[in-house]
Amino acid sequence: MISLQKFTFNPYQENTYVLFDESKECVIIDPGMYDGREQNQLASFINENDLKVVLLLNTHCHIDHVLGNKFVFDHWGLKPQFHQGELYILQAVPGYAPQMGMRYELSPEPETFLPESGTVYFGNSQLELIFAPGHSPAHLCFYAREENFLIGGDVLFHQSIGRTDLPGGNHQQLINSIKQQLFVLPNDCEVFPGHGPSTTIGFEKLNNPFLR
C-alpha cells in the first residue's frame with residue numbers, strides 16, 4: 001500500500017511528493033527544494049522514516065519542478081527519469097533561471113527515459129504512466145491504480161488547469177489530455193497536483209470552469 005507525503009517548496013509553491021510503501025523503498029516526484037531549509041526538510045523526512053530512495057521522477061521539466069534534482073542526485077545518486085520530449089525543456093532552464101531571479105543547480109540528465117505508457121515499480125508497488133501533454137510538450141502523470149490516486153503535475157488543478165503560454169504549451173492539447181487521459185479515471189480518484197490542494201476527477205468534471 002502506497003503512502004504519500006506532500007511538501008510545498010520554492011517561491012512557486014510547488015508540490016513535491018514522496019511515495020513509499022511497507023518495503024521502505026520510496027520515490028521522489030518533482031523535487032522543488034530551493035534552499036537548505038527545504039532540502040533538510042525532505043532529507044529529514046526520508047531519514048526519520050528509514051526510507052530508501054530508489055527513483056527520481058519528473059512529471060515535466062519546468063524550473064519549479066526540477067530545482068531539487070541536483071540535490072537528490074548528490075545525496076542518493078539518482079538521475080531523473082522523465083519523457084524524452086521534456087529534455088529540451090530541462091536544458092533551457094539555465095538560460096532563463098537568472099532572468100527570473102532564481103538560483104539553479106544544474107540537474108543531471110537522464111540515463112533512462114520514460115515511455116508514453118507503461119509502469120514504473122518500487123518496493124511492492126507500481127505507478128502507471130499517463131501521457132498528458134499540453135502544459136508542457138511531453139508531460140507525464142503517475143497513477144497508483146490500487147490506491148486510486150494520481151500525481152498529476154501541472155495538468156489538472158482544483159477548479160483550474162495548467163497554463164499553456166510557456167514554450168511547448170498548447171491549450172487545446174491540454175484540454176484533450178485531460179478529457180481523454182484523466183477523465184477516464186474513476187470519479188473518486190484523488191488528484192495530487194503540482195500546485196495547490198488535491199481534488200478528485202469527479203469534482204473537476206462537474207466544477208472545473210475550463211472543462212465545461
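Which side chain has a polar atom 2.9 Å from the backbone nitrogen of E38? The side chain of D35 does; point 2 takes this up.

1. Basis. This is a predicted model, in which local features need pLDDT of at least 70 and side-chain atom pairs count only at pLDDT 80 or more, while totals for chains, interfaces and linings use all residues. Residues are numbered from 1 along each chain as its sequence is written, and side-chain values use heavy atoms, with hydrogens and water left out.

2. D35. This residue sits in the loop between strand 3 (25-29) and helix 1 (36-48); helices (H or I, at least four residues) and strands (E, at least two) are DSSP runs, numbered from the N terminus. A polar atom of the D35 side chain lies 2.9 Å from the backbone nitrogen of E38. A polar contact is a pair of N or O atoms within 3.5 Å; within protein, one must be able to donate a hydrogen and the other to accept it, and residues adjacent in sequence count only if both atoms are side-chain atoms. D35 is partly exposed, at 27% relative accessible area (buried is under 20%, exposed over 50%, partly exposed in between, with a 1.4 Å probe and protein chains only).

3. Largest pocket. The space in the largest pocket is about 390 Å³. On a 1 Å grid over the protein atoms alone, a pocket is an open set of points where a 1.4 Å probe fits, with protein on both sides within 12 Å along at least five of seven lines; lining residues have an atom within 4 Å of a point. The volume is the space filled by probe spheres set on the points, which are joined across faces, edges and corners. The lining has 17 residues, and those closest to the centre are H62, D64, H135, R163 and L166. Helix 2 (63-66) and helix 4 (87-96) each supply at least two lining residues, and helix 4 gives the most, with four. By class, the lining has 10 nonpolar, four polar and three charged residues (Ala, Val, Leu, Ile, Met, Phe, Trp, Tyr, Cys and Pro count as nonpolar, Asp, Glu, Lys and Arg as charged, the others, Gly among them, as polar).

4. Aromatic pairs. The whole structure holds seven aromatic pairs (rings of Phe, Tyr and Trp, the last by its six-membered ring, with centres within 6.5 Å; planes under 30 degrees apart are stacked, over 60 edge-to-face, the rest tilted). F7 and F45 are edge-to-face, at 5.6 Å between centres and 75° between planes. Because F7 lies in strand 1 (residues 3-9) and F45 in helix 1, the pair ties together parts 38 residues apart in sequence. F7 is buried at 6% relative accessibility, and F45 is buried at 13%. F149 and F192 are also edge-to-face, at 5.7 Å and 85°. This pair links strand 8 (residues 149-153), which holds F149, with strand 11 (residues 190-193), which holds F192. Both F149 and F192 are buried. Ring pairs also join F7, F9, F20 and F45 into a cluster.

5. Positive phi. Most residues other than glycine have a negative phi. N10 has a positive phi of about 65°; N10 is in the loop between strand 1 and strand 2 (14-20) and is buried at 3% relative accessibility. D50 has a positive phi near 55°; D50 is in the loop between helix 1 and strand 4 (52-57) and is exposed at 57%.
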